Amino acid sequence: MIRVLATDGMDKKAVATLEGLGYEVIQEFYEPDVLAEKVKDVDVLVVRSATKVRKPIIDAACETGRLKLIIRGGVGVDNIDVDYAKEKGIDVRNTPRASSISVAELAFGHMFSCARFISHAGYTMRNDEWAKKAYGKGIEVSGKTLGIVGFGRIGQSLGKMAKAIGMNVIAFDIFHIPGIEEELGIPYVEMDEILAQSDFISVHAPAVDGGALINADNIAKMKDGVVIINTSRGTNVDEDALLAALDSGKVRAAGLDVYAEEPAKNHALYSHAHVSCTPHIGAATVEAQGRVGDEIVAHITSVFGK
C-alpha cells in the first residue's frame, strides 16, 4: 500500500479520494527529529508552510529509498531543499493554481483595511471607544496606482481585481510572460518605477537571496504615504525598516499576512496602529483548500496510479 504522510493537514475530500483509491493517508505534524524517522516509511510527503524539508530529512528518507514524492500544498517551495531532493531522486511538486484567488483577495482586503483604518478602528470599538474623528482621513482605493512586485498567478489575479475597481496597475517581475501585458492591460515596468509611482505596493514574489525586496533604500524611493502589502514571504520586507517608516509617516499603513519569523514575534510591528495583520492565512479558504487537495491528488495519482 502506498503511504502518504500529510504533516500540515489535508482537505477532507482529498483524503477520502485517496483512501478510496487504496492509499493510506497519515495526518500528523512531527518535529524534525521525529519526521526524519517517519519519512523512511512513506512514499509521499505532503507539507504546507509549517513543515521544513531540509537536507537532514531528505538524507534520512534516502536511507530506505522509499520516499519518491514531496508535495508543497501551496505556491512557494522555499521550505523545501528542492534541488537537493531532486539530486537524490525525489520529485518535488507544488499546487500553484489553487490559491491564487484566495491570496489576491486577502491582499485586497488588507488594501481596503489600510485605506480606511478598518482593522484598528474595529479594535478601538471593541474597547468601547468611538474614535470617529481619528479615522476620518481615509483614502479611496479607486483611482490610485497599484504596483505589483512579482507578477505570477497571484499578482495577475490581484491586478485584474484592481483594474475592475478603477485602479491604475503596473507590475515588476524579472520574468516577462509573453502577451500578458496586452491580455490584462497591465504593463511591466522597472522596480524603480514601481517605487516612484505607486500609491499601493503589493509583494507577490518568492523569497529571494540577498536581502529584502522592500528595504530602507527602496522605501526611501517611494511616495510619501505609500501603503505596503505583503502576502508573499516575510523576509521580502525588512521589518525594522518598515516599522521605522510607519513611525515616521513615510509609509501610511501596511497590510501583512507573513512575517520574518512565524509565529510572529515582532510585537511592535504587528500591534502598530497602522498595520492590518493576519496570521499567514492567504490560502486559508474553503475553496482554495479544496483546489489544493484536488491538485495534490492529481500529483499523487500521476506518479503512483489510480
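Colleague: Which residue is the bridge partner of Asn230 in β10?

Modeller: In this predicted model, Asn230 has Leu256 of β10 as its bridge partner. Leu256 has a bridge partner in β11 as well, namely Cys277.

Colleague: How many bridges are there between β9 and β10, and in what sense do the two pair?

Modeller: Strand β9, residues 226-230, pairs with β10 over five bridges, and the sense is parallel. The pairing of β10 with strand β11, residues 275-277, is parallel too and runs over three bridges.

Colleague: What holds parallel strands together, in general?

Modeller: Strands of a sheet pair through backbone hydrogen bonds, whether they are parallel or antiparallel.

Colleague: And which helix makes a β-α-β unit with β9 and β10?

Modeller: That is helix α11, residues 239-248, and the β-α-β unit that β9, α11 and β10 make is right-handed.

Colleague: How many residues of β10 are buried?

Modeller: Strand β10 covers residues 251-256, and six of its six residues are buried, so that the strand is described as mostly covered.

Colleague: Zooming out, in what order do the six strands of the open sheet come?

Modeller: The order is β7-β6-β8-β9-β10-β11, and the pairing in this open sheet is parallel. Its edge strands are β7, residues 168-172, and β11, each of which pairs on one side only. On average, and with direction ignored, neighbouring strands of this sheet are turned by 15° against each other.

Colleague: Which strands does α7 lie across?

Modeller: Helix α7 lies across β6 (145-149), β7 and β8 (200-203), and it runs at about 175° to β6.

Colleague: Take Gln156, then: where does it lie, and is it buried or exposed?

Modeller: Gln156 lies in α7, which spans residues 153-164. Gln156 counts as buried because its relative accessibility is 15%, and the cut-off for buried is under 20%.

Colleague: Which residues is Gln156 in contact with, leaving aside neighbours within four places in sequence?

Modeller: With those neighbours set aside, the contacts of Gln156 are Phe151, Ile177, Ile180 and Leu184.

Colleague: How do the axes of α5 and α7 cross?

Modeller: The axes of α5, residues 100-116, and α7 come within 8 Å and cross at roughly 50°, which means that α5 counts as oblique to α7. The contact involves Ser100, Ile101, Val103, Ala104, Glu105, Ala107, Phe108 and Met111 on the α5 side, and Arg153, Ile154, Ser157, Leu158, Met161 and Ala162 on the α7 side. As for handedness, α5 passes α7 in a right-handed crossing.

Colleague: Now the five-stranded sheet: what is its order?

Modeller: This open sheet has the order β2-β1-β3-β4-β5, with parallel pairing. Its edge strands, each pairing on one side only, are β2 (24-27) and β5 (91-94), and its neighbouring strands are turned by 20° against each other on average, direction ignored.

Colleague: What about β4 and β5, over how many bridges do they pair?

Modeller: Strand β4, residues 69-72, pairs with β5 over four bridges in the parallel sense. Leu69, for instance, has Asp91 of β5 as its bridge partner.

Colleague: Which strands does α13 lie across?

Modeller: Helix α13 lies across β1 (3-6), β3 (44-47), β4 and β5, and it runs at about 165° to β4.

Colleague: At what angle do α1 and α13 pack?

Modeller: Helix α1, residues 12-20, and α13, residues 286-304, pack at an angle of about 25°, with their axes 8 Å apart, so α1 counts as roughly parallel to α13. In this packing, Lys13, Ala14, Thr17 and Leu18 of α1 make the contact with Gly293, Asp294, Val297 and Ile300 of α13. The crossing of α1 and α13 is right-handed.

Definitions and conventions: Residues numbered from 1 in each chain as written. Predicted model: local features only at pLDDT ≥ 70, side-chain atom pairs only at ≥ 80, totals over all residues. Heavy atoms only, no water. Buried < 20%, exposed > 50% of the residue type's maximum accessible area, 1.4 Å probe, protein only. Contact = heavy atoms within 4.5 Å. Pairing = 2+ DSSP bridges. Right-handed = clockwise from strand over helix to strand, strands pointing away. Axes fitted to C-alpha atoms, helices over the stretch in contact; angles between N-to-C directions. Parallel < 35°, antiparallel > 145°, perpendicular 65-115°, else oblique. Left-handed = near helix turned anticlockwise from the far one by under 90°.
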